Amino acid sequence: VRWNAGCRGYLLYLEQAGILSPIQRELVIDRLLALDTDDIDTEQIKWVVMMVLFSQPGQEQSYARMEDLVFAENPGWVH
């Protein structure tokens with residue numbers, strides 16, 4: 001699996017912004033590695049982060065912040 005510097009930087013940004021804890025970051029990495037792909041991009045990271053946050057109790061605020069990031073960067077999407 002290939003990660004570019006942008007992917008690593010995006011995970012670091014999410015952790016520093018308080019959206020992901022170090023444990024959640026590792027869970028996201030684990031789930032990304034389980035994908036059937038050779039290349040990981042930031043779009044995949046965004047959706048895996050949202051799935052991880054959604055599946056954990058008490059993460060509603062972090063999920064909402066991540067959702068705002070995803071949809072703010074993709075204004076053509078409606079939710």
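## Starting at Leu14

Setting aside the residues within four places of it in sequence, Leu14 is in contact with Ile19, Leu20, Val49, Met66 and Leu69. Keep in mind that this is a predicted model.

## The core around it

Leu14 belongs to the largest nonpolar core, which has 18 residues. Who touches the most other members there? The list is Leu14, Leu20, Val28, Ile45, Val49 and Met66.

Helix H3 gives the most, with 6 residues.

## Val48, a residue of H3

Val48 sits in helix H3. Is Val48 buried or exposed? Its relative accessible area is 5%, and buried means under 20%, so Val48 counts as buried.

Now for its contacts: once residues up to four places away in sequence are left out, Val48 touches Val28, Arg31, Leu32 and Leu35. Take Val28 from that list. Val48 and Val28 are 20 residues apart in sequence, yet their C-alpha atoms are 6.3 Å apart in space.

## Gln24, a residue of H2

Over in helix H2 you'll find Gln24. With a relative accessible area of 6%, Gln24 is buried too, because that value falls under the 20% cut-off.

What does Gln24 touch, not counting residues up to four places away in sequence? Its partners are Ile19, Leu53, Gln56 and Gln59.

Terms used: Residues are numbered from 1 along each chain as its sequence is written. This is a predicted model: local features need pLDDT of at least 70, side-chain atom pairs count only at pLDDT 80 or more; totals for chains, interfaces and linings use all residues. Side-chain values use heavy atoms; hydrogens and water are left out. A nonpolar core is a set of buried Ala, Val, Leu, Ile, Met, Phe, Trp, Tyr and Cys residues joined through side-chain atoms within 4.5 Å. Buried means under 20% relative accessible area, exposed over 50%, partly exposed in between (1.4 Å probe, protein chains only). Helices (H or I, at least four residues) and strands (E, at least two) are DSSP runs, numbered from the N terminus. Contact means heavy atoms within 4.5 Å.
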